[in-house]
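Hi,

Here is the structure I said I would pass on. Have a look at it first, and then read my notes below.

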Number of protein chains: 2
Amino acid sequence: MRVVNNKGKKFRVPDATILRLPLYLDKLILLQQAGVKEVSSRQLATSLDIKASQLRHDFHYFGGFSKPGRPYQVDKLVPALEEIIGVDIPVPMIIVGAGHLGQGLANYRNFERLGFPLRGIFDVDPKLVGLEIRGVPIRPLSEMPGFVKEHGIKVGVLTVPVNVAQDVANQMIAAGVVGVWNFTPTDIRTPPQVIVRNERLAVGLMCLSFKTKRIGQNDELRQD
Amino acid sequence: MRVVNNKGKKFRVPDATILRLPLYLDKLILLQQAGVKEVSSRQLATSLDIKASQLRHDFHYFGGFSKPGRPYQVDKLVPALEEIIGVDIPVPMIIVGAGHLGQGLANYRNFERLGFPLRGIFDVDPKLVGLEIRGVPIRPLSEMPGFVKEHGIKVGVLTVPVNVAQDVANQMIAAGVVGVWNFTPTDIRTPPQVIVRNERLAVGLMCLSFKTKRIGQNDELRQD
DNA sequence: CCGTTCTTGTTAGGTCTTTGACAGGACCAA
DNA sequence: TTGGTCCTGTCAAAGACCTAACAAGAACGG
């Protein structure tokens, strides 16, 4: 992934850095809300459990956000990162599939706070259609394509049953969605210009299990 | 993280490999259920969008699971990976915080299939206590420590409000939990022998946004 | 029996990522 | 002013990770 930094130079931003940018932003918004005005790379890095030099290195890809001797100003850093990540202008999204997971995500307030207002929820189940979650009504799936076109929705959350995942994704993409956040435990195939992010919840659990299993077992083997 | 492989040699298994093991297992279980008996590194790797050599390299840390010339046998590979990851023996877990996200996770059937049966759900809200989710009753939070001790629970899912996250986590750990799957948007501090995995849902969304933002903008910059 | 075509295990080399080190700016106190 | 302390941007070296390449085993057909 390439970007142009604020000095007009072109850089290839490593994936590892991209993955950390949201962490920085998330933490900085918390600081901002707490009234903190300035933060040093060391403070921010320590709170995220990474090295300060890595944080500065990451920022360096974008030309840096301060100057030598001056710590970062939270009120400048937040909008700068928001712009880089692409949440400076709110990114409206929809949730397709209003099962328990879909409803759970619809109730998650954090998304809105970080620039992803929920605009619509869709499901085929007539018993769910008409219900409201935090003011957003659940609409019939058949209305989804029209809704996406009309509101210019670019990001869709996929929480439908596995067996219809690919079909529903196709409909979303045909209607104009370019980013799919896939919670179904299957791979979905898409045209190359569409980004899919698979959120395999069970993977997180298994990583946890791998590590906890080795605790208390044989101390000689524990080392990470 | 170090392990001993099946040839008696000690290896340091890279984090990157550990992160992929659950993906392998997940895919293999799907194949197994579909009745597939054999699978080659190329087939498996392609379906996961990685290189075959990487997959073999990963397996190599554990001594390999076949021999030159013979593809992997699904029925042998699945239990072998289960044992390595630590889900050969089911890992019972609890969910603490029965809000919408907690309920959504409690309804997610996949966990059980992968070796993580849900044994208990806890919340302070009297309106929730007594409800059942898939046969598992929601119990008062005050009963959690006793329940953890009695049932030997090692893994807990944390889906409580942010402001009580640290306090509830402390209670879980004091009762014997050694793996915390943290869904709250805050860091929780724990003793070193406890593993915490932070599941920052918003981070996934922001990564998606970072990439979709650059699509269709300036094609010269798109390259990853 | 031999050649072809599939495999895996193994390793060396290249690539990506992290880290430590340092130059130089800013601020403060004496 | 001077010295001390904090800070960032920058880069080179070290470390972690991935990949291409290949030896060698297995299966099959002729």
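Let me start with a spot in chain B: Asp49(B) is exposed, with a relative accessible area of 72% (exposed means over 50% relative accessible area, buried under 20%, and partly exposed in between, with a 1.4 Å probe and protein chains only). Asp49(B) sits in the loop between helix H2 (41-48) and helix H3 (52-60) of chain B. Helices here are DSSP runs of H or I with at least four residues, strands are runs of E with at least two, and both are numbered from the N terminus. Asp49(B) is not a glycine, yet its phi is positive, at about 65°.

Before going further, some background on the model. This is a predicted model, in which local features need pLDDT of at least 70 and side-chain atom pairs count only at pLDDT 80 or more, while totals for chains, interfaces and linings use all residues. Residues are numbered from 1 along each chain as its sequence is written, chains are lettered from A and ligands numbered from 1 in the order in which they are written, and side-chain values use heavy atoms, with hydrogens and water left out.

Now the counterpart position in chain A. Asp49(A) is found in the loop between H2 and H3 of chain A, and it too has a positive phi of about 65° without being a glycine. With 72% relative accessibility, Asp49(A) counts as exposed.

What about the helices on either side of that loop? Helix H2 (residues 41-48) and helix H3 (residues 52-60) of chain A pack with their axes 8 Å apart, at an angle of about 110°. The axes are lines fitted to C-alpha atoms, for helices over the stretch in contact, and angles run from 0 to 180 degrees between N-to-C directions. H2(A) and H3(A) are therefore roughly perpendicular to each other (65 to 115 degrees; under 35 is roughly parallel, over 145 roughly antiparallel, and the rest oblique). The crossing of H2(A) and H3(A) is right-handed, meaning that the near helix is turned clockwise from the far one by less than a right angle. On the H2(A) side, the contact (heavy atoms within 4.5 Å) is made by Ser41(A), Arg42(A), Leu44(A) and Ala45(A), and on the H3(A) side by Ala52(A), Leu55(A) and Arg56(A). Those residues divide into 4 nonpolar, 1 polar and 2 charged.

At 3% relative accessibility, Thr17(A) counts as buried. Leaving out residues up to four places away in sequence, Thr17(A) touches Asp58(A) and Tyr61(A).

Stepping back to chain A as a whole, there are 9 helices and 11 strands. Its C-alpha atoms fill a box of roughly 60 × 50 × 35 Å along the principal axes. Of the 224 residues in chain A, 50% are buried. Among contacts with a separation of 6 or more in chain A, 54% come from residues 24 or more positions apart.

Then there is the sheet in chain A, an open one of 7 strands with mixed pairing and the order E7-E8-E6-E5-E9-E10-E11. Its edge strands are E7 (132-133) and E11 (195-198) of chain A, each pairing on one side only (two strands pair if DSSP finds at least two bridges between them). Strand E6 (residues 118-123) and strand E8 (residues 136-140) of chain A pair in the parallel sense over 3 bridges, and the bridge partner of Ile121(A) in E8(A) is Ile138(A). Helix H8 (residues 162-175) of chain A packs on the sheet and touches strands E5 (93-96), E9 (155-158) and E10 (179-182) of chain A, its direction making about 170° with that of E9(A).

Chain B has an open sheet of 7 strands too, with mixed pairing and the order E7-E8-E6-E5-E9-E10-E11. Strands E9 (residues 155-158) and E10 (residues 179-182) of chain B pair in the parallel sense over 4 bridges, with Trp181(B) in E10(B) as the bridge partner of Val157(B). Both faces of E10(B) are covered, as Gly179(B) and Trp181(B) on one side and Val180(B) and Asn182(B) on the other are all buried.

Cheers

Definitions and conventions:
Ala, Val, Leu, Ile, Met, Phe, Trp, Tyr, Cys and Pro count as nonpolar, Asp, Glu, Lys and Arg as charged, and the others, Gly among them, as polar.
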